[in-house]
Amino acid sequence: MNRRKFLIASGAAIGGTYAGLKLERQPPIPDGPVGSSAVSILRARSYSEDLVSRMLEGIRQCGLDVRGKRVLLKPNLVEFDSATVINTDSAVIVAALETFRSLGAAEVKIGEGPGHRRDTWDLADDARYRATVPRFESLFTDLNRDDVSPVSNFAGESQFYFPNTVLGADLIVSLAKMKTHHWAGATLSMKNFFGVVPGAVYGWPKNKLHYIGIAESVVALNRRFRNTFAIVDGIVAMEGNGPIQGTPKPAGVLVMGRDLVAVDATCCRIMRIDPEKIDYLRMAADLGHIHPARIEQRGETVASVQTTFALLEEYKHLRLA
Amino acid sequence: MYLESRLQFLRDSQNADGGWGYFPGKQSWLEPTAYAMLALYGQSAAETAVDRAWRLVASWQVADGSVRPNGAIADGTWVTALFVTLACVRGVQDRNTARAVDWLLRVVGAEHSLAMRAFSYFHLLKTKLNVSHEGWPWREGNASWIEPTSLTLLALKKVARGHGLPELAYRVREGEALVLSRRCSDGGWNCGNPNVFNYDLPSYPESTAQALIGLQGRSANELAAPLAAARRFRSQTKSSLAKAWLAIALRCHHEALDAPTEEARSCDEMLAALEALAHPDGNWRLLAEEGRA
């Protein structure tokens with residue numbers, strides 16, 4: 001029994017926000033699904049550019065049909081700090097709202113359940129969501145405090161609770177922020193799903209996920225919610241001590257796709273992080289494609305937009321060779 | 001007007017089952033129900049409403065003594081502390097209250113396990129967390145955090161007024177020690193993790209307020225820096241929730257604060273209840289300590 005197995009067996013895996021262990025493991029990456037996945041990389045150097053046309057182009061390139069669907073936009077809303085780049089920029093949300101409406105979605109809502117801060121509405125206010133998203137108050141749901149329903153057999157739990165707004169969506173669009181992360185290495189479209197777990201049931205932070213395991217939870221959430229699409233906000237990203245205390249990193253891209261594993265693997269390569277060294281991506285390899293040969297890159301090439309993100313000393317081993 | 005507008009909103013938004021949701025027309029949850037009950041407590045116009053809410057909350061207790069956070073959820077959580085606080089405020093000292101207290105005394109944050117203490121001893125954690133003290137988690141089997149620990153301290157200190165249980169006194173001491181050990185370098189508290197990879201993490205205003213509520217009775221000297229942080233936060237925070245918690249905490253620590261004047265602009269029922277509690281003429285004293293273990 002290695003140290004990790006001992007940890008799990010002992011029931012002491014505190015995990016996550018304050019007890020991740022300095023342990024390494026490298027199981028072989030399982031084969032991905034049959035075929036390949038399209039990932040679109042589109043340049044956008046600032047939030048004042050025409051983001052709607054870029055999103056329309058990315059969605060077309062990835063072959064997503066949203067007609068008649070109930071769409072839930074899930075931004076990454078984390079912290080009161082409008083001067084930095086912690087949260088998904090409001091311009092990305094406004095553009096996504098317009099994009100999905102114009103493509104014939106039956107309804108487009110916005111929902112988020114921040115992991116640490118409880119005052120979601122004022123957080124959205126501070127991030128200028130209320131000021132910039134038309135009719136925001138009628139569109140937004142605090143997923144931490146939404147009505148909930150049980151779901152069977154999630155991540156080994158006989159019963160797990162999710163917000164009804166999430167369970168009722170036909171398509172969940174992960175409007176993630178491209179950031180480094182001091183527990184997961186990187187936080188992109190897949191980890192953004194932590195925000196669909198209700199704090200009113202699991203707390204602030206959602207400590208149950210830490211016990212399941214951060215990587216394991218990311219994978220389980222993405223296994224549970226398969227009707228998804230990703231639009232990663234890398235226009236001004238975050239490097240260094242992310243996801244909160246890092247520094248702005250202009251990467252000038254939006255990265256989109258239906259295969260969130262492939263989207264996150266592509267984002268990692270743009271950040272010059274090796275996706276095969278990110279635990280959750282290794283564990284999610286049966287859900288999507290990590291290997292570049294199985295990812296159909298649309299729009300820009302990775303090489304043309306690649307930029308080195310600063311990493312904490314503890315994560316230097318993640319650097320893409 | 002400030003206080004009455006919130007109380008009227010609460011009176012108008014009670015669900016048919018007797019509880020309050022986080023937002024109007026939504027499922028009843030124990031957390032907003034508890035704060036609404038405290039905000040309305042003692043008001044003759046709301047007496048029936050509060051009694052109905054208590055019956056609903058009491059019906060959510062499960063076999064192990066814990067209390068469920070809402071009727072759709074199978075197992076009990078940290079909100080058991082709020083149930084005990086409500087019971088103490090209402091003067092209910094029955095078997096069900098005792099079962100809830102027993103559950104709180106039985107539950108310990110999982111980071112205190114022998115294995116985790118061993119990992120901490122050998123510096124195998126990413127954090128500088130002191131895992132030697134016993135606090136309370138959001139859910140049984142998880143780690144301790146500031147909010148559930150602080151609110152459980154409040155509940156147990158109210159219980160301690162009428163009981164001399166040595167186990168209760170021990171858990172209060174341990175809980176206070178845990179909270180004190182997790183203070184951030186800037187003087188306040190965040191959710192419960194002050195440092196990662198040798199980087200100090202910032203404190204949060206609402207967590208700082210809750211910790212101060214849990215630490216009522218500790219010496220003014222010991223709490224000087226956190227109280228200063230709370231005062232600073234109160235003048236700076238953009239969070240309405242944090243402002244309400246900070247006002248309650250500072251009043252509980254005998255600080256005179258001006259009455260707020262902002263009009264309610266939210267349909268958040270829990271926020272309305274906390275803002276009502278935080279008003280100088282509100283029921284904030286119900287969250288003040290009453291006796292020490």
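Predicted model: local features only at pLDDT ≥ 70, side-chain atom pairs only at ≥ 80, totals over all residues.
Which residues have the most contacts inside the largest nonpolar core?

**View 1. The nonpolar cores.** A:Phe100 and A:Met178 are the residues with the most contacts inside the largest nonpolar core, which has 202 residues.

**View 2. Where chain A meets chain B.** Here 49 residues of chain A are in contact with 54 residues of chain B. Together the two chains bury about 4500 Å², with 58% of it on carbon and sulfur atoms.

**View 3. Polar links across the interface.** Six salt bridges are counted between chain A and chain B, along with 20 residue pairs in polar contact. For one salt bridge, look at A:Arg118 and B:Glu147, whose closest N and O atoms are 2.7 Å apart. On the side of chain A that touches chain B, the elements giving two or more residues include helix H1 (3-9), helix H5 (120-126) and strand E6 (157-163) of chain A. By class, that side of chain A has 20 nonpolar, 13 polar and 16 charged residues.

**View 4. A buried arginine in chain B.** B:Arg171 sits in helix H8 (residues 166-181) of chain B, and it counts as buried because its relative accessibility is 0%. A polar atom of the B:Arg171 side chain lies 2.8 Å from the backbone oxygen of B:Leu105. Beyond its neighbours within four places in sequence, B:Arg171 is in contact with residues including B:Val107, B:Glu134, B:Trp136 and B:Leu156.

How values were computed
Residues numbered from 1 in each chain as written. Chains lettered and ligands numbered in written order. Heavy atoms only, no water. Contact = heavy atoms within 4.5 Å. Buried area = accessible area lost by both parts, 1.4 Å probe. Salt bridge = Lys/Arg side-chain N within 4 Å of Asp/Glu carboxyl O. Polar contact = N/O pair within 3.5 Å; in protein donor to acceptor, adjacent residues only side chain to side chain. Helix = DSSP H or I, 4+ residues; strand = E, 2+ residues; numbered from the N terminus. Nonpolar A, V, L, I, M, F, W, Y, C, P; charged D, E, K, R; others polar. Core = buried A, V, L, I, M, F, W, Y, C linked by side-chain atoms within 4.5 Å. Buried < 20%, exposed > 50% of the residue type's maximum accessible area, 1.4 Å probe, protein only.
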